[in-house]
Amino acid sequence: MRLGLPLVIVFALLALVGPWLAPHDPQAIDLAHAYEAPSATHWLGTGDNGVDLLSVLLHGARLAGVVGLLVVAFTATVGTLIGALAGFSGGRVDAALSSLADLLQAFPGLVLNVAILALVDAPGVRHVVLALCIPGWVLYARIARAEALRLRQAEFVQAAVALGATRARVLVRHVIPNLLGPIVVQATTAFGGVVLAESTLSFLGLGPSDGVSWGALLDQGSAVLLRFPHVALVSGAAIALTVLGFNLAGDAARDRLG
Amino acid sequence: MLGFLARRIARALLTAVGVVSAVFVLVRAVPGDPAATILGDQASPEELAALRARLHLDAPLHEQFGAFWSDVVGGTLGRSFRDDRAVSERIGEVLPDTALLALAALFVAWSIALPLGTIAARFRGRWPDRVASTLAVAGLAIPNLWLGPLLVLLFGVVLRWLPIPGDDAVGWRGLVLPSITLGTALAASLTRQTRAAVADALARPFSIAAAARGLSPRRVLLRHALPNAALPVLTIAGAQVAALLSGAVVVEKIFERDGLGSLFLDAFFARDIPIVQGCVLVVALVTVAVNLLLDLLYTAVDPRVRIAS
């Protein structure tokens with residue numbers, strides 16, 4: 001199973017240059033050609049209002065990539081810092097941060113995301129990113145905390161403390177660099193999870209209103225599933241292949257780093 | 001033991017109260033005016049004010065908060081903005097649907113994952129293991145919002161074995177595809193956990209000693225490895241409750257089923273705040289209760305957990 005990295009690279013390239021490759025405007029309305037099967041002009045066929053599905057997918061890749069990158073970067077950074085701090089400090093700081101993590105993790109993520117998104121009238125990309133970030137950091141914090149607890153006892157950390165290094169220096173120079181392996185593994189898998197979460201929100205009608213999303217396309221496709229199955233098929237395939245790619249890449253990273 | 005029990009229960013309740021209070025505040029911060037949403041564009045300012053007063057939307061936040069908790073204690077959970085019925089009644093109507101779906105999905109997940117994970121661990125590194133791992137990876141990658149439509153196309157449209165979503169999809173025949181859709185991702189992660197737990201137990205000294213005493217591999221697996229692998233597998237069952245309830249929102253939409261998820265979503269678009277709060281409260285209580293139950297079960301099975309905490 002060495003599919004992971006190629007799939008991730010293809011996704012990254014499409015997210016990067018996809019919108020420029022798109023043969024049509026993803027929102028161009030052409031009512032005479034709605035729900036057409038794949039043809040020479042529309043390689044993947046057309047959807048609701050005659051939009052070109054290939055163009056929607058290419059623009060959707062950009063949205064998925066942007067949301068994934070922002071959410072993973074933010075949650076991994078914040079989660080690692082919080083977890084490392086909690087594990088390394090112990091005591092009250094640890095207890096307080098752990099209860100907060102328990103609270104957020106005990107709750108179905110999607111329900112929390114929906115509750116947050118309802119705060120805005122027409123949610124945009126930044127609102128979706130925010131909604132996904134709020135519960136998203138917890139898993140990183142748990143991993144970082146467990147690693148920090150282990151590293152606290154490690155000889156090289158104790159040696160640094162004995163040499164008179166400040167706590168902040170020990171944390172930044174010795175503890176955090178040594179717990180990044182499992183964090184990178186988690187971030188790789190989580191990227192796929194974020195893409196899926198964005199698609200799910202869009203599928204439910206809560207996605208960014210200022211973007212073109214795979215999930216929204218899948219929602220339209222599901223509505224006409226029995227008559228025009230190609231719309232749901234291509235949009236779902238894009239989501240599934242992306243999630244598969246990041247899952248496999250995460251597994252590969254675990255074998256190397258974990 | 002009693003003190004331990006009391007501490008666990010108190011902590012679980014505190015978590016539930018924390019979540020519900022947070023949601024109360026979050027939902028109140030919605031910029032849209034629920035009264036305007038309910039009455040539409042044509043409403044006069046007087047009508048709007050009257051409705052706001054009737055719904056207590058003009059009361060200070062702390063009074064609304066107090067009223068909300070007295071509704072919770074009173075058991076009604078407040079009244080719907082739209083038809084003035086008790087929220088608990090509305091939720092009570094749809095809760096069995098979601099519970100049935102969740103239990104069916106759990107059944108699907110466990111009956112796939114336990115045998116598959118155990119076989120994978122027993123034949124580690126050989127072809128059954130590779131087949132199981134591939135299935136698990138595929139199951140994790142396929143989103144339920146795509147699996148649902150695919151299953152409908154295959155079994156509802158092409159093969160015509162099962163009803164397509166809608167009015168005909170009642171009874172157990174209507175439950176098959178939704179529960180497979182909801183259960184697949186759970187099955188995939190549970191397969192991985194089971195495989196890891198059983199493989200770990202098989203490598204422990206007690207298993208090796210049992211094999212050295214001449215027990216058949218089958219007996220080592222069933223009598224020695226599996227009981228010891230049960231604990232780590234139980235642990236992730238708690239995390240699955242959250243996944244089930246999240247998934248139910250999606251699956252109920254795909255299959256046009258009544259349930260907590262569709263009620264929640266519908267109430268959100270209508271800004272029916274009491275229903276939204278009620279759903280979140282019920283979800284929080286269910287999650288906390290199941291996790292508490294698993295915690296206690298875990299402690300009962302393995303006394304070491306109790307001593308450590």
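**Helix H8 of chain B**

I started with the kink in H8(B): it is about 40 degrees and centred on B:Gly183. The bend at a residue is taken here as the angle between axes fitted to the seven residues ending there and the seven starting there. Helices (H or I, at least four residues) and strands (E, at least two) are DSSP runs, numbered from the N terminus. I then checked the length of H8(B), residues 171-203: its 33 residues should span 48 Å at 1.5 Å a residue, and the end C-alpha atoms are 45 Å apart, which agrees. The expected span is 1.5 Å times one less than the number of residues.

**What I am looking at**

I noted that this is a predicted model, in which local features need pLDDT of at least 70 and side-chain atom pairs count only at pLDDT 80 or more, while totals for chains, interfaces and linings use all residues. Residues are numbered from 1 along each chain as its sequence is written, and chains are lettered from A and ligands numbered from 1 in the order in which they are written.

I looked up the confidence next: the model scores ipTM 0.82 and pTM 0.86. Chain B has a mean pLDDT (the predictor's confidence in each residue, from 0 to 100) of 82, with 95% of its residues at 70 or more.

**Chain B overall**

I found 13 helices and zero strands in chain B. Its C-alpha trace spans about 85 × 60 × 30 Å along the principal axes. Of its 309 residues, 40% count as buried; buried means 20 or more other C-beta atoms within 10 Å of the residue's own, exposed 12 or fewer, and partly exposed in between, with C-beta atoms placed from the backbone. Two residues are in contact if their C-beta atoms, placed from the backbone, lie within 7 Å. Among contacts in chain B between residues at least 6 apart in sequence, 70% join residues at least 24 apart.

**Where the chains meet**

I get 37 residues from chain B and 33 residues from chain A in the contact. On the chain B side, H10(B) gives the most, with seven residues. By class, that side has 30 nonpolar, six polar and one charged residues. Here Ala, Val, Leu, Ile, Met, Phe, Trp, Tyr, Cys and Pro count as nonpolar, Asp, Glu, Lys and Arg as charged, and the others, Gly among them, as polar.

**The core and B:Val280**

A nonpolar core is a set of buried Ala, Val, Leu, Ile, Met, Phe, Trp, Tyr and Cys residues joined through C-beta atoms within 7 Å. In the largest one, of 162 residues, A:Leu57, A:Val175, B:Cys279 and B:Val280 touch the most other members. Helix H2 (residues 53-89) of chain A supplies the largest share, 17 residues. I followed B:Val280: leaving aside neighbours within four places in sequence, this residue is in contact with A:Val111, A:Ala115, B:Val20 and B:Val23.

**Helix H11 of chain B**

I see H11(B) as mostly covered, with eight of its ten residues buried. Among them are B:Leu260, B:Phe264 and B:Phe268. The buried residues pack against helix H4 (109-117) of chain A together with H5 (87-122), H10 and H12 of chain B. After H11(B) comes B:Arg271, with a positive phi near 55 degrees.

**A last look at A:Ser99**

I placed A:Ser99 in helix H3 (residues 91-105) of chain A. This serine counts as partly exposed because A:Ser99 has 14 C-beta neighbours inside 10 Å.
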